[in-house]
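Dear colleague,

Please find below the structure that I am handing over to you.

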Amino acid sequence: MCSSRFRCAAHPTCTKPAPLTGDALGKQLFVSGDRNVSAIACGSCHTMKAAGTTATIGPNLDKELSADPASATRESTVDPNKEIAAGYRANIMPTNYGTALTKQQLDAVVNFVYHSTNTKAKRVSTTTSTTP
């Protein structure tokens, strides 16, 4: 059995999966968080259709982020108390995502949320994707 953490050419019989990247990593973090660094799952508090989450502790991201630029999605993730959605209180969302997650993880979850919720980004994604 391979002692490597990830599948590699040197260990073709390894049964461990390759690491997730991009939207797959972003969705995993959104849905499950990363317990290794105390980053709770975004979906445990937020509704977001693309992630299949329906929590209501925090705002419905499909509605709140539909017109925001990617920079606003990042800011809301790393500095959640800077702007609070109407009907919600400050100091509910964890403030450690910017420091607990790696740059790759933070980029992945921000991009996943942005591309899943922003109306303009979804339109571009739909027109550039191909169907098999």
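Predicted model: local features only at pLDDT ≥ 70, side-chain atom pairs only at ≥ 80, totals over all residues.

Residues are numbered from 1 along each chain as its sequence is written, and side-chain values use heavy atoms, with hydrogens and water left out.

Overall fold

The chain has 6 helices and 2 strands, arranged along the sequence as α-β-β-α-α-α-α-α. Helices (H or I, at least four residues) and strands (E, at least two) are DSSP runs, numbered from the N terminus. Of the 132 residues, 33% are buried, meaning under 20% relative accessible area with a 1.4 Å probe and protein chains only. Among contacts (heavy atoms within 4.5 Å) with a separation of 6 or more, 48% are between residues 24 or more positions apart.

In α1, the buried residues are L25, G26, L29 and F30. They fall within an arc of 135 degrees when seen down the helix axis, so they line one face of α1; the arc is that of the directions from the helix axis to the C-beta atoms. Their cover includes β1 (47–48), β2 (53–54), α2 (61–64) and α5. Just after α1, G33 takes a positive phi of about 70 degrees.

Helix α3 (residues 70–78) buries A72, T73 and T77. Their arc about the axis of α3 is within 140 degrees, so these residues also line one face of their helix. They pack against α4 (97–100) and α5.

The nonpolar core

A nonpolar core is here a set of buried Ala, Val, Leu, Ile, Met, Phe, Trp, Tyr and Cys residues joined through side-chain atoms within 4.5 Å. The largest one has 17 residues, of which F30, M48, L61, L101, V109 and V113 touch the most other members. Two or more residues each are given by α1 and α5, and the largest share, 6 residues, comes from α5. Beyond its neighbours within four places in sequence, M48 is in contact with F30, T53, L61, D62, F112, V113, S116 and T117.

The aromatic pair

The structure holds 1 aromatic pair. The ring centres of F30 and F112 are 6.2 Å apart and the planes lie at 65 degrees, so the pair is edge-to-face. Rings of Phe, Tyr and Trp (its six-membered ring) pair if their centres lie within 6.5 Å; planes under 30 degrees apart count as stacked, over 60 as edge-to-face and the rest as tilted. The pair links distant parts of the chain, since F30 is in α1 (residues 22–32) and F112 is in α5 (residues 103–117), 82 residues apart. Both F30 and F112 are buried.

The cysteines

C42 is buried, with a relative accessible area of 15%, and C45 is buried at 18%.

With kind regards

Definitions and conventions: Buried < 20%, exposed > 50% of the residue type's maximum accessible area, 1.4 Å probe, protein only.
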